[in-house]
Protein chains: 6
Amino acid sequence: MSKPPSPISRYPVPELADLPADLRERILEVQAKAGFVPNVFLALAHRPAEGRAFMAYHDALLLKEGGLTKGEREMIIVATSAANQCLYCVVAHGAILRVYEKAPLLADQLAVNHRKADVTPRQRAMLDFAMKVCSASHTIEEADFAALRAHGFSDEDAWDIGAIAAFFGLSNRMANLTGMRPNDEFFLMGRVPRTK
Amino acid sequence: MSKPPSPISRYPVPELADLPADLRERILEVQAKAGFVPNVFLALAHRPAEGRAFMAYHDALLLKEGGLTKGEREMIIVATSAANQCLYCVVAHGAILRVYEKAPLLADQLAVNHRKADVTPRQRAMLDFAMKVCSASHTIEEADFAALRAHGFSDEDAWDIGAIAAFFGLSNRMANLTGMRPNDEFFLMGRVPRTK
Amino acid sequence: MSKPPSPISRYPVPELADLPADLRERILEVQAKAGFVPNVFLALAHRPAEGRAFMAYHDALLLKEGGLTKGEREMIIVATSAANQCLYCVVAHGAILRVYEKAPLLADQLAVNHRKADVTPRQRAMLDFAMKVCSASHTIEEADFAALRAHGFSDEDAWDIGAIAAFFGLSNRMANLTGMRPNDEFFLMGRVPRTK
Amino acid sequence: MSKPPSPISRYPVPELADLPADLRERILEVQAKAGFVPNVFLALAHRPAEGRAFMAYHDALLLKEGGLTKGEREMIIVATSAANQCLYCVVAHGAILRVYEKAPLLADQLAVNHRKADVTPRQRAMLDFAMKVCSASHTIEEADFAALRAHGFSDEDAWDIGAIAAFFGLSNRMANLTGMRPNDEFFLMGRVPRTK
Amino acid sequence: MSKPPSPISRYPVPELADLPADLRERILEVQAKAGFVPNVFLALAHRPAEGRAFMAYHDALLLKEGGLTKGEREMIIVATSAANQCLYCVVAHGAILRVYEKAPLLADQLAVNHRKADVTPRQRAMLDFAMKVCSASHTIEEADFAALRAHGFSDEDAWDIGAIAAFFGLSNRMANLTGMRPNDEFFLMGRVPRTK
Amino acid sequence: MSKPPSPISRYPVPELADLPADLRERILEVQAKAGFVPNVFLALAHRPAEGRAFMAYHDALLLKEGGLTKGEREMIIVATSAANQCLYCVVAHGAILRVYEKAPLLADQLAVNHRKADVTPRQRAMLDFAMKVCSASHTIEEADFAALRAHGFSDEDAWDIGAIAAFFGLSNRMANLTGMRPNDEFFLMGRVPRTK
């Protein structure tokens with residue numbers, strides 16, 4: 001009834017063996033950790049220089065220390081990627097969010113309507129700011145920073161929130177441009193409580 | 001980190017025992033089949049006359065014979081409910097769609113971007129028509145019917161597609177109005193292949 | 001100069017004699033009261049099960065007791081149907097509104113811009129809530145209910161307002177889908193003061 | 001139940017006797033013809049120099065010879081003024097349209113959805129062009145002129161269509177700015193066939 | 001690489017010698033002052049009666065006394081014309097603004113995002129009001145006038161602000177309709193400080 | 001009349017001497033070439049890891065070989081940054097575009113309405129694709145690639161076009177978030193023909 005599984009990208013996807021050493025190593029690292037290679041790494045490695053910069057930017061925002069938990073960063077990604085209708089990022093980062101927060105419902109809630117998600121008022125303020133950067137960044141003014149401060153966010157936290165929304169604005173557009181397909185593994189990740 | 005589970009509705013929810021017999025019976029029937037009572041039945045039973053009409057309309061569209069499979073009807077519901085940002089309907093009908101189609105990825109694909117879903121060209125035309133009825137019904141013209149006919153849909157099929165989109169336009173607004181919360185059971189339904 | 005009068009629907013319209021008894025009786029009742037059969041009854045009777053559910057829902061919302069006058073319910077219908085650009089509902093319910101409120105100007109005012117209509121501040125709050133349910137129901141939050149309460153509306157009144165907007169969201173889409181044409185009688189109804 | 005009749009404008013409205021002679025004469029002329037003074041003349045006469053230019057522009061577009069009938073010019077005004085949600089122009093020019101075209105239903109049809117109005121395909125093309133000038137003039141390109149030519153419109157006709165839409169873009173904004181109220185007489189004009 | 005310079009309008013442009021005396025005189029006056037004939041005068045003179053009314057309206061708004069400086073009136077024109085994506089008015093009035101305000105950066109700032117321009121809070125309030133009249137005049141209410149009064153604007157100033165936005169709503173649409181091309185001279189005017 | 005020159009960013013801006021050596025060197029290189037340090041380098045260097053990734057991405061897209069000229073890449077940046085209302089990028093890249101293309105009018109044309117700019121039909125197709133990636137990337141489908149191919153663009157060119165639009169989607173949001181101010185030097189660059 002449905003068409004056969006699409007390729008993962010409209011563009012050619014490199015073999016791991018053909019990649020520059022640094023990219024290959026970075027990808028093997030992720031594979032070791034996740035158990036599979038997320039398609040975004042292969043799809044963007046079609047252009048090694050861009051792929052390398054993408055990963056560097058990604059790591060600078062998501063691996064750094066800061067006032068946002070790892071789970072909160074993923075909340076921003078899921079909500080803004082849904083606003084941009086990016087299938088890859090909603091599905092892949094939804095999975096990561098479920099794993100980080102051990103909250104199997106949260107990603108689906110955020111993807112449909114961030115106002116209905118089980119988040120704290122502080123997280124709601126964070127998401128409202130992120131959504132404004134995502135969809136109407138030209139209207140950001142001092143009052144938006146003040147609203148974050150009222151919930152205890154520093155201006156550096158505001159940069160984190162906004163920069164994650166901005167970076168995934170790029171990521172979402174690249175995924176939509178290339179027709180990037182999320183790995184099947186992501187759809188189920190973090191949904192079933194692990195039993196020992 | 002997240003706020004405690006919300007009640008299922010902003011409005012009081014009746015006890016099964018307090019409901020008129022016909023509504024109670026209808027709900028027990030669903031419970032027997034699904035293993036739990038979907039919250040929509042309880043939330044809308046706050047107003048028995050409206051709840052009764054809702055179910056009658058629902059059944060008239062979803063249980064009737066016709067040119068659309070049961071799975072295709074659910075595809076329409078998921079895609080249009082996502083356009084209306086209705087958490088309840090995306091989650092509940094996403095679950096039903098996965099079960100009907102035995103397609104664990106399809107609901108998430110449709111909820112994010114129906115253009116990226118694993119559907120046939122015929123189903124894509126069906127969804128384009130449904131989305132137009134959902135979001136810009138005043139622009140529906142003869143050319144839209146012609147586009148459906150080109151894929152083998154009859155005008156009665158067009159009514160089915162449009163009427164499902166229209167009815168869930170009502171349903172989505174009621175769920176958003178009442179803050180209806182999807183049952184936790186729905187989030188996982190149809191995601192894991194059943195083993196014998 | 002203009003094309004000949006269109007049929008009342010893109011779909012076949014049943015003869016009264018061919019309808020199930022309950023629908024025929026309901027329609028004859030309306031005819032007795034109004035002096036003619038509003039086209040919506042005939043157009044939707046093309047599908048008796050759906051038409052029956054439609055009328056039941058309609059009656060559950062418009063004939064019930066409650067905090068809104070009959071005229072206020074029609075105000076909601078006219079304003080939201082105009083937002084959905086539904087010719088049938090604006091014209092038919094505009095007529096009913098004029099008759100109920102004995103206000104020959106009100107329907108036209110509401111159809112163009114509800115902010116400019118001759119309504120009380122309380123009715124304005126009611127219409128603002130209805131318009132939000134109509135056009136952006138996913139953004140409804142507690143503050144919207146609070147705004148209604150400030151004008152003396154109960155939460156049950158809020159349900160009435162929202163449910164009428166939601167139900168006519170369905171009705172408007174069905175009318176736009178079927179190309180439903182308002183009866184000529186409606187255009188003039190309630191415009192000329194009756195003389196004794 | 002409704003608030004007392006509003007004044008006709010947020011701004012002071014001059015007495016006829018206090019107006020410059022040319023404006024007074026122009027207004028008396030209209031009054032002689034229509035039986036009353038349309039409020040727009042008084043509201044805009046608050047600024048005689050602007051009012052004079054407004055009337056000169058109005059006359060240059062609506063009284064000139066050309067490929068559009070007087071009724072067709074009013075169709076453009078009603079459809080575009082509805083898109084701008086201008087109560088004054090929809091009601092006043094709806095009345096004039098009904099009188100010119102002897103078509104009591106046409107203005108209401110155009111105000112709700114120009115796609116559903118009883119107009120010829122040529123008039124539909126005219127209205128599509130007008131609506132584009134009204135709402136997205138920056139997207140007007142050669143193809144839009146070609147679409148008009150296919151219906152027999154000259155490029156001078158295209159100017160007429162676009163200029164009427166543009167001029168009422170100004171008029172609608174002035175009416176919305178000043179809160180201009182249509183005369184009660186307009187609401188009924190042209191609705192009842194005159195008997196001899 | 002780029003196509004040859006376009007003509008200044010999609011429509012025929014009259015020779016000065018062929019124009020009615022009053023229009024010719026008015027245009028020669030501008031030419032004497034500016035050193036060249038702005039294309040808008042020639043493009044709109046294709047229809048002398050409309051061109052005459054256009055200039056009269058223009059002068060009534062821009063040459064009158066009032067609470068707005070000449071520079072502030074041009075700020076309104078640049079910001080709203082950018083919202084309407086009108087190349088002619090952004091470029092021509094951007095030039096005039098630079099000259100009036102001796103502010104070589106201001107026009108470009110306003111054309112991209114009026115929230116980022118080097119203006120006073122009072123001017124910001126003026127521009128917010130103008131942008132609302134430009135893009136959503138049907139939502140103008142008393143609160144908008146109150147916001148202006150809080151910055152010391154009178155209601156007559158509000159009319160000036162709104163009327164300039166409204167008039168350039170017309171002007172922008174005519175320029176977009178006719179494909180009016182700004183004179184090359186405008187692009188550089190007021191950018192380089194004059195040395196003696 | 002206008003407020004004093006704003007700082008170049010809402011966030012602290014590092015001294016060149018305090019920057020990591022690689023960033024400092026990169027910035028000194030630009031300074032040597034341009035004669036001044038574009039503010040974006042300093043504003044983003046507040047976060048060296050992100051700034052470094054930003055520059056790497058920027059260089060990967062703008063310095064690479066490919067089917068687009070350097071001027072065409074800047075056209076994409078100006079048009080999409082205007083759609084995102086990003087003052088910094090419109091002004092800074094408008095300057096670079098004027099210099100590359102020796103076309104003093106082109107940047108202003110593209111910033112207001114890319115449909116009115118003096119570009120070739122091939123460049124127009126390029127810009128239409130870029131604008132779609134910028135504003136509605138979820139609707140990109142095979143037909144959009146086909147439209148590019150019809151103008152001789154390869155699929156790798158399509159990646160270039162889309163990736164530049166996507167990357168400046170990030171850049172625009174960061175500039176809007178930080179309130180980044182363009183250097184005054186940019187406003188005049190490339191406007192006056194250099195004399196020997």
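What percentage of the 196 residues of chain A count as buried? The answer is 60%, where buried means under 20% relative accessible area with a 1.4 Å probe, protein chains only.

Before you click further: this is a predicted model, in which local features need pLDDT of at least 70 and side-chain atom pairs count only at pLDDT 80 or more, while totals for chains, interfaces and linings use all residues. Residues are numbered from 1 along each chain as its sequence is written, chains are lettered from A and ligands numbered from 1 in the order in which they are written, and side-chain values use heavy atoms, with hydrogens and water left out.

**Select chain A.** Switch to cartoon and you will find 10 helices and zero strands; helices are DSSP runs of H or I of at least four residues, and strands are runs of E of at least two. Now show the C-alpha trace, which spans about 50 × 40 × 35 Å along its principal axes.

**Select R26(C).** Move to chain C, where R26(C) sits in helix α1, residues 21-34. R26(C) counts as buried because its relative accessibility is 18%.

**Zoom in on D59(C).** Its side chain and that of R26(C) are joined by a polar contact of 2.6 Å. Such a contact is a pair of N or O atoms within 3.5 Å; within protein, one must be able to donate a hydrogen and the other to accept it, and residues adjacent in sequence count only if both atoms are side-chain atoms.

Notes
Buried < 20%, exposed > 50% of the residue type's maximum accessible area, 1.4 Å probe, protein only.
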